[in-house]
Amino acid sequence: MQGRMQDWPLTVDRILDHAKAWHGGIEVVSRSVEGPIVRTTYAQIHDRAKRLSNALKALGVGKGDRVATLAWNTGRHVEAWYGIMGIGAVCHTLNPRLFPEQLCYIINHAEDKVLFTDLTFLPILLANRANMPTVKHFVVMTDREGMKGVDFPGALCFEDLVEQNSADCAWGGFEETLPAGLCYTSGTTGNPKGVLYTHRSNFLHTLVTMGRDVMGLSATDVVLPVVPMFHANAWGIAFSAPAVGAKLVMPGQKLDGASVHELLETEGVTFSAAVPTVWQMLLNHLRETKGKLTTLKRVVIGGSAVPEAIVRGFRDEFGVSVTHAWGMTETSPLGTLANPTRAIAMMSDEEQLRFTLKQGRPPVSVELKLVNDAGERLPHDGTTFGRLMVRGPFVVGEYFKGDGGEILDEEGYFDTGDVATIDEFGFMQITDRAKDVIKSGGEWISSIEIENIAMGHPKAALCAVIGAAHPKWDERPVLLVKLKEGQAATKEEFLQHLEGKIARWWTPDDVVFVDDIPLGATGKIDKKLIRQRMEGYVLPTARQAATA
Ligand code: ADP
């Protein structure tokens, strides 16, 4: 027997249809790549996205074809997304922070037919055009004025396409299991692999993230996603903001403290989301300029662990509450959020902070388990470390084109590559990435935990901890510190700062002051590169052990 409810495929075009119908006059404000602030509405975005759909059809794009975007967060980028997805083509977001060789690899692997690009990225594209033979058309996301001097075979002007095509275009009408989006992981091991989202997975992710204990967006909010649309779908905000009818503020390419602060204040932003490094820049800027946050109420921070100093800075100096979130490209991306339960909400602010610093608990439909190397389940006691495994309707089942082979265990769980604990309140805490955890004398040391505490040192601009070879212990931690400008410090100062905050045997064997701690394409500390740079480094304790 079948149920008797309507067949209403969960396709993402319906999200923008809804925004147009019920929140059509709500603004989408962008800091354009050309510079000025541009104001549109959901109704206009809907209309222009449909025109782009017709333009794409005329270029021969059909269901399942991949169309890439190499673009900042702007209203035009939102129009391109819906224009592509609405006709069943696949929107492939490219991360401009990747090296050109990686970009070409990904474009070729995806076999992108058309590529939307901001003016910013034309030099990279033109220099590498010969290496992306599948791309027949480049849509430059600007107007005729911006196209001056831009002339190469295959170049098209975004605003011309909008102007020349009709807004009469049927969206949807296909199965919800059709692919809608494609995003490659940054490939910290081997080549980047593609995660191919379906309309259904994006739609369900949107519904789940709208929940009050998740992102909790509302039609009363003004939302500024600093997190780029090319970084795990801007954590779903380009779907969830129109879904609830929130005003959307897009920061374009200017993500520095002053530019973000200006938009937060002038547009009355209440909610924002970004990785910790962005917030650190904002807090530094606010302190330097004695700036205020008069409308911002909540920020979601994820992508890497949130240092305590950021949570305290927002809470105590600016009255902004922080929600810590964990996720990955493979989970669409939201997996857990550290919003309090009733029991936690009744604790003191200081006690609650302990939970805010964890990565949090899963919303309905995200299933988690912790296992050991043999795949056996581990207890949720807050101290046992294990591999974090995840399963659910918006979790990857297989990489694009089957890369990497079978990626699920026999129960259908995906191995996140993260090592975590889960406590008795159900709060998950990432202790490390499996490949970054420091293995010392058969025990594991969390590099993230030491980094976060070290970051609380007033002279630290950025800290990273890696394992260095040791003849007796296998590996021992080394703390790398980039000092704030004009500061000087001793190793002892940093070791003293850690004392009493971590187990004694976790204390780094050395502190190395460096000029630069490299960040990868998604704003995270690039440990692979640090390890390369530290090649040839020998721990002082290893030298002593060798000569003893
Ligand atoms: P990548 O940066 O490798 O391309 P993602 O952006 O998908 O890929 O990053 C996912 C990874 O980022 C997670 O597996 C985890 O290691 C890390 N991560 C994400 N959020 C957090 C967080 N709140 N705390 C610690 N690590 C996090």
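Ile15, Leu16, His18, Ala19 and His23 of helix α1 meet Phe239, Pro242, Ala243 and Val244 of helix α8, where contact means heavy atoms within 4.5 Å. The residues of this contact divide into 7 nonpolar, 2 polar and no charged; Ala, Val, Leu, Ile, Met, Phe, Trp, Tyr, Cys and Pro count as nonpolar, Asp, Glu, Lys and Arg as charged, and the others, Gly among them, as polar.

The model is predicted, with local features needing pLDDT of at least 70 and side-chain atom pairs pLDDT 80 or more, while totals for chains, interfaces and linings use all residues. Residues are numbered from 1 along each chain as its sequence is written, and side-chain values use heavy atoms, leaving out hydrogens and water.

Helices (H or I, at least four residues) and strands (E, at least two) are DSSP runs numbered from the N terminus. The axes of α1 (residues 13–23) and α8 (residues 237–244) come within 7 Å and cross at roughly 35°. Axes are lines fitted to C-alpha atoms, for helices over the stretch in contact, and angles run from 0 to 180 degrees between N-to-C directions.

An open sheet of 7 strands runs in the order β7-β6-β5-β3-β4-β8-β9 with mixed pairing; two strands pair if DSSP finds at least two bridges between them. β7 (155–157) and β9 (194–198) are the edge strands, each with a single partner, so one side of each has no neighbour in the sheet. The twist averages 25° from one strand to the next. β4 and β8 pair in the parallel sense over 3 bridges, and Cys91 stands opposite Gly181 in β8. Helix α4 (residues 100–110) lies across β3 (66–70), β4, β5 (114–117) and β8, at about 150° to β8.

On a 1 Å grid over the protein atoms alone, a cavity is a set of points where a 1.4 Å probe fits but cannot get out, a pocket is an open set with protein on both sides within 12 Å along at least five of seven lines, and lining residues have an atom within 4 Å of a point. Grid points are joined across faces, edges and corners, and a volume is the space filled by probe spheres set on the points.

| Space | Volume | Lining residues by class |
|---|---|---|
| Largest cavity | about 50 Å³ | 5 nonpolar, 4 polar, no charged |
| Second largest pocket | about 690 Å³ | 11 nonpolar, 10 polar, 7 charged |

Of the 28 residues lining the second largest pocket, Arg354, Leu357, Lys358, Gln429 and Glu449 lie nearest its centre. Helix α14 gives the most to this lining, with 4 residues.
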